[in-house]
Amino acid sequence: MAEQPLILIVEDEPANLNVLDLLLRQMGYRTFCAHDGLEAKEFMEKELPDLVLTDVMMPRMDGYELCTWIKSNPITRLIPVVLLTGLNRLDDKIHGIETGADDFLTKPFEHVELRARITSLLKLKSFTDELENAEGVIFSLALAVEVKDHYTQGHCFRLSQHGMEVGRRLGLDDDMLQAIRRGGILHDIGKIGIPDRILLKPGPLTGSEREIMRAHPEKGEGICKPLHTLAPALPIIRNHHERVDGNGYPDGLKSDEIHIGAKIIAAVDLFDALVTDRPYREALPFREALRILQAARDDGHLDKDVTRVLVGFVSEIAERWVSDEFTHNIFKKVF
């Protein structure tokens with residue numbers, strides 16, 4: 001039997017805290033009581049509740065600050081937060097909305113209203129958890145491609161992390177950076193359907209084998225498309241093999257027609273392939289990899305702005321080592 005939802009109650013007035021605790025336990029929920037935002041934060045760093053019910057006016061860390069912390073943390077931001085407040089001014093409610101609060105209850109509140117709002121938010125939370133679980137399965141499939149080939153282990157993680165860094169340096173917003181993170185991890189998920197004899201072939205591919213390999217972006221998009229939360233990453237998954245001169249695949253897009261995230265992952269993907277060992281060759285020295293990267297920019301393969309930022313970024317990393325002899329052996333562990 002599934003455990004009952006856990007509700008974190010945050011209230012500095014002992015009488016109010018005891019009433020809420022008793023009421024929620026009578027409704028069948030598990031509870032944890034905190035006396036201010038800092039105590040609640042310390043609890044959430046150890047255990048994640050299903051819902052947070054918090055007073056606004058509290059010492060040390062008030063409800064607004066707690067809500068801001070919860071909603072800015074990737075691990076906790078999907079947890080519903082209800083603000084309990086005796087403040088009725090419009091400015092106070094707007095402040096609560098700006099911190100990311102999911103609902104408000106004005107003191108003194110009706111028990112029936114409290115029950116209804118908690119039930120509604122917990123139902124929404126369960127739907128969110130189901131989506132996260134489905135998303136987790138897809139991410140696991142993407143990483144399963146890497147497990148097949150020890151040469152590419154860590155490749156998706158590097159692309160997501162360093163693709164995001166290039167995006168930050170280009171001034172992209174948080175939503176786009178999230179799409180790049182997901183696109184970097186999932187860009188090759190379509191290879192799950194490529195036969196191992198082709199995927200792991202140590203030599204050049206034949207024409208027919210190349211066509212099969214080139215189908216992986218569309219296959220990847222098809223795998224991820226049913227999950228709406230991955231919609232922002234779909235252009236990255238589908239178009240990370242496009243070229244700015246229009247000679248890429250699968251759609252032959254040109255320049256500004258290509259999603260910026262796809263341009264970034266294309267550049268990071270190429271560089272990662274150059275500086276890591278592959279079945280058909282050893283990792284290239286850093287300077288040689290940079291030369292090829294810049295040549296790819298000049299011949300119409302990669303976007304000029306993306307390449308400029310990527311070159312600057314990887315050059316900063318490479319400065320930690322004094323020669324290519326060390327760089328090409330160690331760089332792949334960092335990049």
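**Strand pairing, packing and cysteines**

Modeller: Let me begin with one pair in this predicted model: Val10 stands opposite Thr54 in E3.

Colleague: Which residue is the bridge partner of Thr54 in E4?

Modeller: E3 pairs in the parallel sense with E4, residues 81-85, over 4 bridges, and along this pairing Asp55 stands opposite Leu84. For Thr54, the bridge partner in E4 is Leu83.

Colleague: In what order do the strands of the sheet lie?

Modeller: E1 and E3 run parallel and are joined by 4 bridges, while E3 also pairs with E4 over 4 bridges. Strand E2 (30-34) and strand E5 (103-106) each have a single partner strand, so one side of each is left without a neighbour in the sheet. The twist averages 20° from one strand to the next, and the 5 strands form an open, parallel sheet in the order E2-E1-E3-E4-E5.

Colleague: How many residues of E3 are buried?

Modeller: Leu51, Leu53 and Asp55 point one way from the strand, Val52 and Thr54 point the other way, and all are buried. E3 is therefore mostly covered, where buried means under 20% relative accessible area, and the number of its residues that are buried is 5 of 5.

Colleague: Which helix makes a β-α-β unit with E3 and E4, and at what angle does helix H2 run to E1?

Modeller: The β-α-β unit of E3 and E4 is right-handed, and its helix is H3, residues 63-72. Helix H2, residues 37-44, lies across E1 (6-10), E2 and E3, and its angle to E1 is about 155°.

Colleague: Within what arc do the buried residues of helix H10 fall?

Modeller: Helix H10 spans residues 216-224, and its buried residues are His216, Pro217, Gly220, Glu221 and Cys224. An α-helix has 3.6 residues a turn, so residues three or four places apart point the same way. Seen down the axis of H10, the buried residues line one face of the helix, because they fall within an arc of 140°.

Colleague: Are Cys67 and Cys224 buried or exposed, and how many disulfides are counted?

Modeller: Cys67 has a relative accessible area of 0% and is buried, and Cys224, at 0% relative accessibility, also counts as buried. A disulfide is counted where a pair of cysteine sulfur atoms lies within 2.5 Å, and by this rule the number of disulfides is 0.

Key: Residues numbered from 1 in each chain as written. Predicted model: local features only at pLDDT ≥ 70, side-chain atom pairs only at ≥ 80, totals over all residues. Heavy atoms only, no water. Pairing = 2+ DSSP bridges. Helix = DSSP H or I, 4+ residues; strand = E, 2+ residues; numbered from the N terminus. Axes fitted to C-alpha atoms, helices over the stretch in contact; angles between N-to-C directions. Contact = heavy atoms within 4.5 Å. Buried < 20%, exposed > 50% of the residue type's maximum accessible area, 1.4 Å probe, protein only. Arc of directions from axis to C-beta. Right-handed = clockwise from strand over helix to strand, strands pointing away.
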